Amino acid sequence: MSTAAAPVRSGAVLADLLPAARHRYAVDTALVVGGAALTGIAAQIAVPVPGSPVPVTGQTFAALLIGTALGARRGFLSLALYALVGMAGMPWFSEGTSGPGGASFGYVLGMLLAATVVGGLARRGGDRSVLRTAGTMAVGSLIIYAVGVPYLALSTGMSMSTAVAAGLVPFLIGDAVKAALAMGALPASWKLLGRRG
């Protein structure tokens, strides 16, 4: 009898490894709701940026981790729930705000798209190694800014160059730190789960 762990199947994301054969719907629902709540909690970790209406938050990090851990479908549903409940009045957008609009709402929409894309990349192994995770996080961050920065410009009347200076440049160092954390956490989780089979 071999003591080697069974290899983790390809095409899986971390959430697929949870035991739930008979209760998959309940587990998926809990993961989606939990991901939305985690994003709302992380959004409250906010540091104002001088000269920018957008604070540095833990929200983007949570959204990208949720997408990679849950996969495209559950990641999309989780961030859609977060956005819809926040638009309906739950004060869990950055700094306890809610409702549609606002200078940073475009980043929420970008996170919805980014969680979906990074979830698809994770299903193709985009979170299994340090380099792949770095690439996956970079793609997710680019998507968030590709939606968030133009929305910031439109909602505030800023020029595009001013919106880039206020809504992108100040966040690059923080994004690098967040990517480094993900580069350590996600591949390590796969190694641990692979050993346990």
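Modeller: Aspartate 28 and arginine 74 are both buried, where buried means under 20% relative accessible area, exposed over 50% and partly exposed in between, with a 1.4 Å probe and protein chains only. This is a predicted model, in which local features need pLDDT of at least 70, side-chain atom pairs count only at pLDDT 80 or more, and totals for chains, interfaces and linings use all residues. Residues are numbered from 1 along each chain as its sequence is written, and side-chain values use heavy atoms, with hydrogens and water left out.

Colleague: How far apart are the closest N and O atoms of aspartate 28 and arginine 74?

Modeller: The two residues form a salt bridge, that is, a side-chain nitrogen of Lys or Arg within 4 Å of a carboxyl oxygen of Asp or Glu. Their closest N and O atoms are apart by 2.9 Å.

Colleague: Which parts does the salt bridge between aspartate 16 and arginine 74 tie together?

Modeller: The side chains of aspartate 16 and arginine 74 meet at 2.6 Å, N to O. Aspartate 16 lies in the segment before helix H1 (24-43) and arginine 74 lies in residues 72-87, so the pair joins parts 58 residues apart in sequence: that segment and helix H3. Helices here are DSSP runs (H or I, at least four residues), numbered from the N terminus.

Colleague: Is arginine 123 buried or partly exposed?

Modeller: Arginine 123 also meets aspartate 16 in a salt bridge, at 2.7 Å, N to O. Aspartate 16 has 15% relative accessibility and counts as buried. With a relative accessibility of 32%, arginine 123 counts as partly exposed.

Note on methods
Helices (H or I, at least four residues) and strands (E, at least two) are DSSP runs, numbered from the N terminus.
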